[in-house]
Amino acid sequence: MVATENNTVKTICGYCGTGCGLLVEVQDNIITKIRGDKEAPVNKGQTCVKGAFAYKYVHADERLKNPLIRQDGKLVETTWDTALQYIADKLSHIKNQFGPNAISMFACARSTNESNYVTQKFMRAVMGSNNIDGCNRT
Ligand code: SF4
């Protein structure tokens, strides 16, 4: 993000892979308004409704800010290091016990090309599985 004048932050929308340029107005660290960036070649000042209006979640009390791991039937807050190690251990266990084809991954059509590239690379090169699909055929 690049801060500009009048507490406005110039950034890229993360809701989908289109990559619209946004101007995010901030007061006291709270988002007050989002506008399309006229200088952005992708959207030239336009946005969809999500890009312009769907930002209340940023400051929502119920927003998840840390990973959760289920322990004894309850979701317990943990650190990213612990959560990532937990996932790595589980994936390794499944791969060792049942083989790489026991694992599949679904990528998100709204993710960027770069994220989806890394997803398929992880599955093929690390997990040894071609079981990759996405929701972009709907
Ligand atoms: S199309 Fe909408 S959701 Fe996608 S990047 Fe642009 S403003 Fe964001």
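## Ground rules

This is a predicted model, so to speak: local features need pLDDT of at least 70, side-chain atom pairs count only at pLDDT 80 or more, and totals for chains, interfaces and linings use all residues. Residues are numbered from 1 along each chain as its sequence is written, and side-chain values use heavy atoms, with hydrogens and water left out.

## The largest pocket

The largest pocket comes in at about 220 Å³. Of its 16 lining residues, Cys13, Gly14, Leu22, Ile34 and Tyr57 are the closest to its centre. (A pocket is an open set of points on a 1 Å grid over the protein atoms alone, where a 1.4 Å probe fits, with protein on both sides within 12 Å along at least five of seven lines; lining residues have an atom within 4 Å of a point. The volume is the space filled by probe spheres set on the points.) By class, the lining has twelve nonpolar, three polar and one charged residues.

## A salt bridge

The whole structure has three salt bridges, meaning a Lys or Arg side-chain nitrogen within 4 Å of an Asp or Glu carboxyl oxygen. One of them pairs Lys10 with Asp37, with the closest N and O atoms 2.9 Å apart.

Note on methods. Nonpolar A, V, L, I, M, F, W, Y, C, P; charged D, E, K, R; others polar.
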